[in-house]
Amino acid sequence: MTDPTEEDVTMTFKEDPETVARTLRHALVGDDLPDSFTLLGREWSLHRGVWPSTLSAATEVLASMVPYPEGGSFLEVGCGTGVIAVTAALSGCTSVTALDINEKAIANTVANAERHGVSDRVRALHSDMYTALAPTDRFDTIFWNVPWTYVEDGYALSTDLHTAVFDPGYRGQARYLAGAHEHLADGGRLLLGTADLGDRERLDAVAEQTGLRVELLRSVRRIEEVRVMEYYMLELHPK
Ligand SMILES: C[S@@+](CC[C@H](N)C(=O)[O-])C[C@H]1O[C@@H](n2cnc3c(N)ncnc32)[C@H](O)[C@@H]1O
């Protein structure tokens, strides 16, 4: 029988990092991964090494929930495939900036902006958080669909995809919150998309340290399973 104290120690994470890392390895090297996917009624290019936006329902749900500033400017941190940045442009934002620490995500976002005819209003920059922005860059809305999986500080982000899922010590989210005020326009809105697999208490603590208060704007419940299923119809014969 498992010692319950031992179980408590090993279950400090809401998601088992090893299980998540296995999914990432599949998304990186699996030869069954397509080079495009359908989401929100549109077809999107998927570059290898970029977080596939359909691995969870997060992108679809959050892209549908973001209050895009119509006629205004939108900054997406961590754009990945660019679904949310491009959706912002298609939803009436006149200028969209998309940032990602993963260089492959920048090419992917550029490809999707071209694919959907919004290259004139979407610029994508390779950036660790806000570093590629000019100090004068200001936005009406700033948004990040965060890597919500908490792992201890020092956890190795060994592939490009790890940065999409794991946030060691929630330092990324801390930097996101702390640096936002330098790029928010007057009256601008700072938004963060996460899920119940994220550690809300830690996020609240990080916000508190930055002098911010977290308000829940909206929640959506989806039934999903993050794994590939194979179904079999078997026929049985006499031996
Ligand atoms: C959960 S994924 C979301 C991707 C995309 N927005 C989507 O919805 O499909 C988080 C993204 O944040 C990016 N990211 C992680 N740390 C970052 C950092 N320090 N600066 C910029 N982007 C970062 C990851 O590379 C990843 O693309």
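This is a predicted model: local features need pLDDT of at least 70, side-chain atom pairs count only at pLDDT 80 or more; totals for chains, interfaces and linings use all residues.

Residues are numbered from 1 along each chain as its sequence is written.

Start with the open sheet of 5 strands, whose order is 5-4-3-6-9 with parallel pairing. Strands here are DSSP runs of E of at least two residues, and helices are runs of H or I of at least four residues, numbered from the N terminus. Two strands pair if DSSP finds at least two bridges between them. Strand 5 and strand 9 (184-193) are the edges, each pairing on one side only. On average, neighbouring strands are turned by 15 degrees against each other, direction ignored. Axes are lines fitted to C-alpha atoms, for helices over the stretch in contact, and angles run from 0 to 180 degrees between N-to-C directions.

Next select strand 3 (residues 73-77) with strand 6: the two run parallel and are joined by 4 bridges. Within this pair, V77 stands opposite W144 of strand 6.

Select residues 55-150, which an unreviewed UniProt entry lists as "domain: Methyltransferase small". UniProt positions are given in the numbering used here, feature names are shortened, and annotations may be inferred rather than shown by experiment. The end C-alpha atoms of this span lie 18 Å apart, and its content is 30% helix and 26% strand.

**The ligand shell.** Which residues are the closest to the ligand? They are S53, T59, G78, G80 and A164, in a shell of 23 residues, each with its C-beta atom, placed from the backbone, within 6 Å of the ligand. Helix 4 (83-90), strand 4 and helix 6 (162-165) each supply at least two shell residues.

**Two positive phi angles.** Select M129, in the loop between strand 5 (122-126) and strand 6 (139-145). M129 is not a glycine, yet has a positive phi of about 55 degrees. Finish at Y170, in the loop between strand 8 (166-168) and helix 7 (171-180). Y170, also not a glycine, has a positive phi of about 55 degrees.
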